[in-house]
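Subject: The structure you asked about

Hello,

Here is the structure I promised to send over. Have a look at it first, and then read on for my notes.

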Amino acid sequence: MLNLLGVARFPKPDFTSGYQYPEIVHGMPWESFWVWLDVVLLVGMMSLVAWAVHRRPSRKIIFSVSIVSVLYFGFFRTGCVCSIGSIQNVVLALVDNNYRLPFVVLLFFLLPLLFAIFFGRVFCAGVCPMGALQELVNVRNFRISRAVASALSFFPWIYLGFAILYAATRSQFIICRFDPFIPIFRLSGDVGMIVFGVSLLVISIFIGRPFCRFLCPYGAILSVVSSVATKRVEVTKKSCINCMLCHNACPVDAIREPYANKVGESRMVGVRRVLLYIMLLPLLTIGGGWLLSSQSDTLSIAHRDVYLYTLLQNNYEDKNMPTEVEAFYEMGRSIDELETSVMSVRESFNRWAWFVGALMGFVLGWKLIRLSVKRTRKTYEIEPSACVACGKCFNYCPQNISVKNE
């Protein structure tokens, strides 16, 4: 008989007849097979999209990858392993030496970022099942005003900040808990999240990728990395003729129109505004850290020990006692032990709230600076941080059509 490590628990009988024991070959568990297949497909599909975007602009290939991603990573693998949720695992591994980060999860976190450095957001194009599902249902594009879209684009950073905060304090994995598409892929789950996910899909019919643009925390990271990509997405290899068709076709409003200082603003006024926001940047950073840390005690109630301690402050009758309180007394834990844990948790929340709040303040200041910088554009240009490499603009550009006809 073998134990879980494949080591014999008892010595084998010693046969005198010359019998030879057969060699035992341990097969790879099926789950290990599937997770490594996930990695192979992740790399293969991102490579295919990168080729379809940069070497042979093809919307059909990207669309086909989206279908495969939704069917395999979405419905078959039920959205796990997830690059978006891996943020929490990585943060927890950085702060907790006792937590062992699965290597596959680390790969799902790093590989899309690595591809983004070289090729842009090819993971978002059609490899991410959540983005792909929104892409497949999108049939119309009602454009949101640039001001509203800029304001909404701050929400992914808020989501990212709280995901870091709750993971670093060992409280919750909120990305997994509030994922709107996992219940759809699993065809089961919390009713509220199912309604939320379906609502996002309905919105996706008319507005391109609302979750990717205005909620996805991993997309926020990818937007920063892709802004310095060595090879950026181009609508066409030929000269732009300013036909505006690519701008109208882009579902995420990532193509910027020509700009020639339409308001006639003097250069000095623009410089002063940028300098003002640069001066405000450290104040927003410090202010954001202070503001969120001031709410750290309230936020810490998400931790199970703080929540339990809060419950214990009330005097319950036996018949009204919450299950958590009953379990606490039955386990024989002491109030002093719990108070020590609560103090440690609140100190951790205060420290990480400073960091997360400072991050949010810095991002807000940086967005104000970027919005204030105006430069002349003579042709339509793709904003690499916003472009999800979906390739919709390829088929609308007359220059690409003329190349195919040549």
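How many helices and strands does the protein chain have? It has 20 helices and two strands. Please keep in mind while you read that this is a predicted model.

First, the chain as a whole. The protein chain has 406 residues, and 44% of them count as buried. Its accessible surface comes to about 22800 Å², with 64% of that belonging to carbon and sulfur atoms. I also looked at contacts between residues at least 6 apart in sequence: 80% of these join residues at least 24 apart.

Next, a pair of helices. Two packed helices are described by the angle between their axes and the distance between the axes. Helix 2 covers residues 59–76 and helix 6 covers residues 129–137; their axes come within 8 Å and cross at roughly 120°. Angles of 65 to 115 degrees would count as roughly perpendicular and those over 145 as roughly antiparallel, so helix 2 and helix 6 are oblique to each other. The crossing of helix 2 past helix 6 is left-handed.

Which residues make the contact? Helix 2 contributes Arg59, Phe63, Ser66, Ile67, Ser69, Val70, Phe73 and Gly74, while helix 6 brings in Pro129, Ala132, Leu133, Glu135 and Leu136. Sorted by kind, the residues of this contact between helix 2 and helix 6 are eight nonpolar, three polar and two charged.

Two single residues may also be of interest to you.

Where does serine 86 lie? You will find serine 86 in helix 3, which spans residues 86–95. Is serine 86 buried or exposed? Its relative accessible area is 0%, and buried means under 20%, so serine 86 is buried. Not counting residues up to four places away in sequence, serine 86 touches Val105, Phe108 and Phe109.

The other is proline 112, which belongs to helix 4 (residues 103–119). Proline 112 has 2% relative accessibility and therefore counts as buried too. If neighbours within four places in sequence are left aside, proline 112 is in contact with Met46, Ser83, Leu107, Phe123, Tyr218 and Leu222. One of these partners is Ser83: serine 83 and proline 112 are 29 residues apart along the chain, and their C-alpha atoms are separated by 8.0 Å.

Happy to go through any of this with you.

Best wishes

Technical notes. Residues numbered from 1 in each chain as written. Predicted model: local features only at pLDDT ≥ 70, side-chain atom pairs only at ≥ 80, totals over all residues. Heavy atoms only, no water. Axes fitted to C-alpha atoms, helices over the stretch in contact; angles between N-to-C directions. Helix = DSSP H or I, 4+ residues; strand = E, 2+ residues; numbered from the N terminus. Parallel < 35°, antiparallel > 145°, perpendicular 65-115°, else oblique. Left-handed = near helix turned anticlockwise from the far one by under 90°. Contact = heavy atoms within 4.5 Å. Nonpolar A, V, L, I, M, F, W, Y, C, P; charged D, E, K, R; others polar. Buried < 20%, exposed > 50% of the residue type's maximum accessible area, 1.4 Å probe, protein only. Areas by Shrake-Rupley, 256 points an atom, 1.4 Å probe, with all protein chains shown as cover.
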